[in-house]
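Morning, everyone. Let me put one model on the screen and walk you through it.

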Amino acid sequence: LDARVALPRRPGPLWELAVLFNGMLDRIESLMAGLRESLDHLAHDLRTPLTRVCVRVERALQHESEPERLRETLSDCLEDVREVLAMLDALLDLAEAESGSLRLEREAVPLDEVLARVLELYEFVAEDRHVTLHTELEPGLRVCADRARLRQILANLVDNAIKYSRPEGGEVRIRARRDGERVVIEVRDRGLGIRAEDLPRIWERLYRADRSRSERGLGLGLSLVRALVTALGGDVEVESEVGRGTTFRLRLPAA
């Protein structure tokens, strides 16, 4: 892929063909580099929990004899296996959403009910990270959506906002309002922010702006959010400033 066609000295059909061919090779090379990077992330994030399972099982077989200790080991292994299954489920959901084969059960979904359930799930996570959750919803908002997929979208955004909030004294604010035939939902954090050069790529599969791997996960959350929002007939955008935080804005059909 390093080779390129030499351009003819004079412009003409052959010159244009050579430019197109070289451009195609540039694109293929870029895609291959992205694929290698994605596979590296995938292998790392799937291998880590599976390695923990193997180590725990081997230790239990060699050293553990007390039923209570064995029960703890099995519980830890189950947690790691569920983590792997969650990653694989996210990959499958993303593939189905992008291909248009995802089954959706649309209904008039009360937004406050779904959001309350999501915040209940993340209440202790936020408390552990000293992050405060705030909501500002217009009363009576209903979204034409699949309830489970809407919950999945909001959970990914809230999880992302908590994860990248400031370690102490951070806050996540969720707002929602009616705008014509759409319901606008904003999830805003006062966290690290996203660099301008990373913003166009945050929707890509397995892409993570944070190269440190300090946060676990495949980096599928935002790509899955966009795919699900699109499947529901909506759109999503992001605004961010390094050091000041990030806002994700969804527009979904109102019911």
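How many bridges join β4 to strand β5, and do the two run parallel or antiparallel? There are 8 bridges, and β4 (residues 170-179) and β5 (residues 182-189) run antiparallel. Before going on, the ground rules. This is a predicted model: local features need pLDDT of at least 70, side-chain atom pairs count only at pLDDT 80 or more, and totals for chains, interfaces and linings use all residues. Residues are numbered from 1 along each chain as its sequence is written, and side-chain values use heavy atoms, with hydrogens and water left out.

Some terms. Strands (E, at least two residues) and helices (H or I, at least four) are DSSP runs, numbered from the N terminus. Strands pair if DSSP finds at least two bridges between them.

Back to the hairpin. Arg177 stands opposite Val184 in β5. The hairpin of β4 and β5 has 2 residues between the strands, and Gly180 takes a positive phi near 65 degrees.

Now the other partner of β4. Strand β2 (residues 131-137) runs parallel to β4, with 7 bridges. Thr132 has Glu171 as its bridge partner in β4. In the loop between α3 (111-128) and β2 sits His130. Its phi is near 60 degrees, positive in a residue other than glycine.

Next, charges. Side chains of opposite charge can pair when their charged atoms come close. The structure holds 15 salt bridges (a side-chain nitrogen of Lys or Arg within 4 Å of a carboxyl oxygen of Asp or Glu). In one of them, Glu136 meets Arg173 at 2.8 Å, N to O. Glu136 is in β2 and Arg173 in β4, 37 residues apart. Glu136 also forms a salt bridge with Arg175, the closest N and O atoms being 3.6 Å apart. Arg175 lies in β4 and Glu136 in β2, so this pair ties together parts 39 residues apart in sequence.

How exposed is Glu136? It is partly exposed, at 38% relative accessible area. Buried means under 20%, exposed over 50%, partly exposed in between (1.4 Å probe, protein chains only).

Over to strand β7 (residues 245-253). Arg251 forms a salt bridge with Glu237, the closest N and O atoms being 3.5 Å apart. Arg251 is in β7 and Glu237 in β6 (residues 235-241), 14 residues apart. Salt bridges that share partners join Glu186, Asp235, Glu237, Glu239, Arg249 and Arg251 into one network. Thr247, also in β7, is buried, at 11%.
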